[in-house]
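Please work through each task before reading its solution.

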Amino acid sequence: MRCQDLRQCGQKLVRRRPLKPREGSEGRMSRCLNTLDLVTLGVGITLGAGVYILPGEATRNKAGPAIVISFLVAALSSVLSGLCYAEFGARAPGSGSAYLYSYVTMGELCAFVTGWNLLLSYAITIASVARAWSSTFDSLIGNHMSRALRGTFPLHVPSFLAKYPDFLALGVVLVMMGILVLGARESALVNKWFTGINILVLGFIIVSGFIKGDLHNWQLTEQDYALAAAGSNDSSSLGPPGSGGFAPFGFDGIFRGAATCFFGFVGFDAIATTGGEAQDPQRSIPFSIVVSLLICFLAYFGVSAALTLMVPYYQIHPESPLPQAFLHIGWGPARYVVVVGTFCALSSSLLGTMFSMSRVTYAMADDRLLFQGLAQIHPRTRTPIMAILASGTLAGVTALFLEFSNLVDLMAIGTLLAYSFVVISVLVLRYQPDQNLSKKEKTENEIGTFEREASPLESVPEAGISRILKSLCDPISTNPTRKSGQIVYGCALLVVLLLMILTMILAQRSRYVFSGDPAYTTVAVLLLLLIIGVTVIIWRQPQNPSPLTFRVPALPVLPLVSIFVNVYLMMQMTSGIWVQLGIWNVIGFAIYFGYGIQHSLEQNSGQQPPASTFQALDENIPGTESS
């Protein structure tokens, strides 16, 4: 009896949600967002305060003028995940983003973990952006607000709590929450204004840099550094000189800068949360993801190039690089233009992230993995009112009391985890058979394939071995079958495990591997060969030929490279970050096993979709043609 109970529990953990929208769920929210709304949402979140701060920090201490190459590398890494989001946006355009994608492919427990960690990432992002908004305003008024609050509400608390309660940050979150409550169309309009002004300011910065810049700042020598140190009252204010030139810190500096710049592209995944409100989600979501990433790369590339042309890299101010750069070239009043852009960037990032958090909360509650009351839709505005209020209150209270200097990595690891699940989901689903085929057609295909694989002239053992080898490396069927889909499932899980072991070795023992240590080098080479072998097996399986508005190119190589990059970045996190992530997930498991697993809509949904599942949504999604 106990074994049967364990088996039933295990089946609940891996039950999957069908791609087909549930009756009465997808039409509850208003489909009012066009492609421009989605592009500005992605650009607004991604080009937050980072575009005004990241280039300074990464240029001064890590990459020098070669920061433009670092942003290119970071953009390519983000595109790997972005393309997978784009394909899933075309395949499963519903609310929930990575949570929905994991539910369709990996099962209920993986979906809950993905969604729960996305909520953590969003909450930290919202609170940190709200704190940055408050800090920027406070600096404009001479830090009077922070000094008054420290004197009135002194908090002698642990380091992870703020030194004083930031009521302005809470107020900003509440204002944005009020805008979201008004409706998706109204919040999209406000976001377009914020993002438009931000783009204009960034354009002004780029043009100014190219006008007042000096190409010599990309060819600096140690003599230039010595002259700058001699003419400076405080030589300690200068950054490290490196070896001079365009890449003063070499390739190592470029890649260290790319690791920092990678998190500047976090935010495009918010577009995938709009599937329930986009007018034509199967076309607009993939297009908007790709276009927003392109716009963000051009903005980061242009701003970093302008900054390094205006100011020698070792003289860049790490905390306020752009205002100090305009002072350096004698354009002091331009600082106020930068301040306006900063406020607009922070506001659009805050509004967009709160939008995404509320939609993921709604999607999880609508599936009953979170409390059902959070799925309530306002009858007039057709927005998830309770999800907006709950997520906004959580983020506001977090902004009021928590200090975020030590929580940025926790935000990043939640995002990278979600990215990895999406990439795995795309890799698996591409090789699954189309469920639109009738059962008779499927049976005929599989019987025909079996008869072709096992010749009657072969002995039984030889036929079995030959059949296994053919199914792995040379499948006869040109269309995916349930068997080939299961092979891809197993191989995908195996290759992810091998990549985790390899990245752990490279992250923790890289110097032993590259110095030629026999043990570590042998293990790394063997793992690499196994990964290549399993990748070849996946590549040889037939892909689903069903037409999509967007398909990830170069499968399975591109998704596996994306998984490697994401896992490698996660392995750079300290043990303390993993402990904090573990505590957050323990809280989530208490909610899931105490409520979600019992109330899930898949509990009594009847037949579960098989492991090999692909369902067309043509009849359910606006903007598609029925065949």
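Predicted model: local features only at pLDDT ≥ 70, side-chain atom pairs only at ≥ 80, totals over all residues.

**Exercise 1.** Classify the aromatic pair of Phe-112 and Tyr-592, and state which parts of the chain the pair ties together.

*Solution.* The structure holds 24 aromatic pairs. In the pair of Phe-112 and Tyr-592, the centres are 5.2 Å apart and the planes make an angle of 40 degrees. Planes under 30 degrees apart count as stacked and those over 60 as edge-to-face, so the remaining angles are tilted; the pair of Phe-112 and Tyr-592 is accordingly tilted. Phe-112 belongs to helix 6 (residues 108-140) and Tyr-592 to helix 22 (residues 575-599), so the pair ties together parts that are 480 residues apart in sequence.

**Exercise 2.** Determine whether Phe-112 and Tyr-592 are buried or exposed.

*Solution.* The cut-off for buried is under 20% relative accessible area. Phe-112, at 1% relative accessibility, counts as buried. Tyr-592, at 0%, also counts as buried.

**Exercise 3.** Classify the pair formed by Phe-265 and Tyr-300, and locate both residues.

*Solution.* The ring centres of Phe-265 and Tyr-300 lie 5.2 Å apart with planes at 55 degrees, so this pair is tilted. Phe-265 is in the loop between helix 11 (250-262) and helix 12 (281-310), while Tyr-300 is in helix 12, 35 residues apart. Phe-265 counts as buried at 1% relative accessibility, and Tyr-300 counts as buried at 0%.

**Exercise 4.** Which ring faces do Arg-359 and Arg-540 lie over?

*Solution.* Arg-359 lies over the face of Phe-355, 4.0 Å from the ring centre. Arg-540 lies over the face of Trp-539, at 5.6 Å from the ring centre.

Methods: Residues numbered from 1 in each chain as written. Heavy atoms only, no water. Phe/Tyr/Trp six-rings, centres within 6.5 Å; stacked < 30°, edge-to-face > 60°. Helix = DSSP H or I, 4+ residues; strand = E, 2+ residues; numbered from the N terminus. Buried < 20%, exposed > 50% of the residue type's maximum accessible area, 1.4 Å probe, protein only. Lys NZ or Arg CZ within 6 Å of the ring centre and 35° of its normal.
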